[in-house]
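Keep the structure in view as you read.

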Amino acid sequence: MSKRRNQRPSAPKREKVRDIFVARPFEGLADEPEWIALRELVPAASAPLTLRPEIIEEYGDRPVTLSTVLPMAWPAMTRQDGRVFIGLQRHVQSGDVSRDLAVAILSALRTEPGDTVSVPALPGAGPRLQDVLVDSPLEITMHEGFEYWLDAEQAEDPTVKASLERANASIYPTARLSAGRAAYWCRVAPDKGHVRWVLPETEDRALDALARLSAAQELLLGEQTKFAGMFRAHGLLVPVWDIPGETEAADWEAPLADFAKRYADTLAETGPLDADARRAKQGLIGRQLTLR
């Protein structure tokens with residue numbers, strides 16, 4: 001018998017999905033800094049999303065809610081009442097967070113209410129958030145727990161209930177600050193808190209302004225505060241200040257408002273950095289941490 005006749009037919013090759021990294025996935029959205037804050041900084045919050053008319057026409061008009069995180073870090077889920085939830089903080093993601101979230105929304109809309117949503121890890125090319133949502137500022141609701149996830153039937157599932165208890169235990173006190181859009185206070189320990197602010201300007205503009213403020217000794221929020229460094233998050237900068245843990249969020253509205261004015265005034269300076277600001281800039285770059 002010939003070797004040729006013994007050979008089994010080869011399985012068809014699976015098409016390889018190409019992953020593309022997008023450094024600033026929320027660019028173009030009206031509330032880009034808030035999307036980043038909910039993705040990286042806020043433990044428990046939600047916001048309703050509005051679908052574009054053509055998406056409603058194709059998939060039907062179902063309420064869609066953005067959530068910082070979902071049970072077991074699911075990318076999406078559907079409730080028995082038909083509501084769709086999309087999770088920002090998830091375990092598996094591609095190089096384009098906007099594409100991930102869009103495919104999670106569309107996958108959930110194709111799923112029957114109450115059924116498990118299947119979302120591909122690498123979705124490939126296709127619609128992004130900017131293509132499926134009516135763009136508008138997010139109406140954010142802060143939560144002390146994740147009970148808003150569940151309908152009555154899901155609340156009785158032992159696995160989901162255990163995940164809910166673990167998730168609630170991980171929440172640290174967090175509050176929005178009105179002195180800056182996408183600015184948040186949090187208490188991470190009894191004696192330690194943070195103020196974190198996602199700046200809307202491009203990284204280069206924001207870094208130059210912060211360098212000028214640092215050189216002028218105007219980077220702090222007041223006494224007993226420390227500039228801890230910055231996150232580089234999805235194309236924007238997030239300065240972080242260490243603050244005393246016993247203080248409350250309201251105590252930092254005025255200090256942040258004063259800093260916001262200094263920052264805005266400094267942004268207006270367009271000339272080259274002087275020697276002190278250049279040195280300060282190098283110091284700030286050394287205190288950056290990239291989040292993805």
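Start with the open sheet: 6 strands, in the order S6-S7-S8-S10-S9-S11, with mixed pairing. Strands here are DSSP runs of E, at least two residues long, and helices are runs of H or I, at least four residues long, both numbered from the N terminus. Two strands pair if DSSP finds at least two bridges between them. The edges belong to S6 (174–177) and S11 (288–291). Each has a single partner strand, so one side of each is left without a neighbour in the sheet. From one strand to the next, the twist averages 25°.

This is a predicted model, in which local features need pLDDT of at least 70, side-chain atom pairs count only at pLDDT 80 or more, and totals for chains, interfaces and linings use all residues. Residues are numbered from 1 along each chain as its sequence is written, and side-chain values use heavy atoms, with hydrogens and water left out.

Now look at one pair in the sheet. Strand S7 (residues 183–189) runs antiparallel to strand S8 (residues 192–197), and 6 bridges join them. Ala183 has Trp197 in S8 as its bridge partner. Helix H9 (residues 253–267) packs on the sheet. H9 touches S6, S7, S8 and strand S10 (236–244); contact means heavy atoms within 4.5 Å. The direction of H9 makes about 35° with that of S8. Such angles run from 0 to 180 degrees between N-to-C directions, with axes fitted to C-alpha atoms, for helices over the stretch in contact.

Next, move to Thr50. This residue lies in the loop between strand S1 (45–49) and helix H3 (53–59). Buried means under 20% relative accessible area, exposed over 50%, and partly exposed in between (1.4 Å probe, protein chains only). Leaving aside neighbours within four places in sequence, Thr50 is in contact with Val132, Leu133 and Val134. Glu147 is 97 residues from Thr50 in sequence, and 22 Å away in space, C-alpha to C-alpha.

Finally, step back to the whole chain. It has 10 helices and 11 strands. Its C-alpha trace spans about 85 × 55 × 40 Å along the principal axes. Of the 292 residues, 49% are buried. Among contacts with a separation of 6 or more, 68% join residues 24 or more positions apart.
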